[in-house]
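Okay, thanks for coming, everyone. I'd like to walk you through a couple of residues and then a database annotation. Have a look at this first.

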Amino acid sequence: MSLLVDLFLLLGSLVFLAAALGLLRFPDFYIRMSAATKAATLGLGLLLLGVALGFGEGLVAFKAVLLLVFLFSTAPIGAHFLGRAAYRSGVPLWERTHVDELKGREYE
């Protein structure tokens, strides 16, 4: 069981490392935000799973599952609203972006 816990914690940390590298290397705000949100959700999910298994108590596992549900329900929605606000504020897309599906559309 300890090996499984260590594996989840290591994988979660590696996903966070990949997200940090993506924040440094990706070309524009939208791609960085997408990478950070997806990686943070997966990375924190793996860390919480490792914590739940590592402590082995029912209450700790229950709290970890509640945190996972909260994370998976709020992080994508928050990223969507942040991207939408950035687009409406005029944050430019990467110059090599070929498709802008929102160009010319008006929001209420």
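So, in which helix is threonine 37 found? That's H2, which covers residues 29-55. Keep in mind as we go that this is a predicted model.

Now, what does the side chain of threonine 37 reach? It goes to the backbone oxygen of methionine 33, at 2.8 Å. If you set aside residues up to four places away in sequence, threonine 37 touches Ala75, Pro76 and Ala79.

Next up is aspartate 28. This one is found in the loop between helix H1, residues 2-25, and H2. Aspartate 28 is buried, yet there's no salt bridge for it. The nearest side chain of opposite charge belongs to arginine 32, and that is 6.7 Å away; a salt bridge would need a distance within 4 Å.

What does lie by the aspartate 28 side chain, then? One of its polar atoms is 3.1 Å from the backbone nitrogen of tryptophan 94. And leaving out neighbours within four places in sequence, aspartate 28 is in contact with Pro92, Leu93 and Trp94.

Last bit, the annotation. UniProt, in an unreviewed entry, puts "transmembrane region" at residues 6-24, 36-55 and 61-82. Threonine 37 sits in H2, and the 36-55 stretch from that record includes its position.

How do two of those spans look in the model? Residues 6-24 are 100% helix and 0% strand, with end C-alpha atoms 27 Å apart. Residues 61-82 also come out at 100% helix and 0% strand, and there the end C-alpha atoms lie 31 Å apart.

Key: Residues numbered from 1 in each chain as written. Predicted model: local features only at pLDDT ≥ 70, side-chain atom pairs only at ≥ 80, totals over all residues. Heavy atoms only, no water. Helix = DSSP H or I, 4+ residues; strand = E, 2+ residues; numbered from the N terminus. Polar contact = N/O pair within 3.5 Å; in protein donor to acceptor, adjacent residues only side chain to side chain. Contact = heavy atoms within 4.5 Å. Buried < 20%, exposed > 50% of the residue type's maximum accessible area, 1.4 Å probe, protein only. Lys, Arg positive; Asp, Glu negative; His and termini not counted. UniProt positions renumbered as here; feature names shortened; annotations may be inferred.
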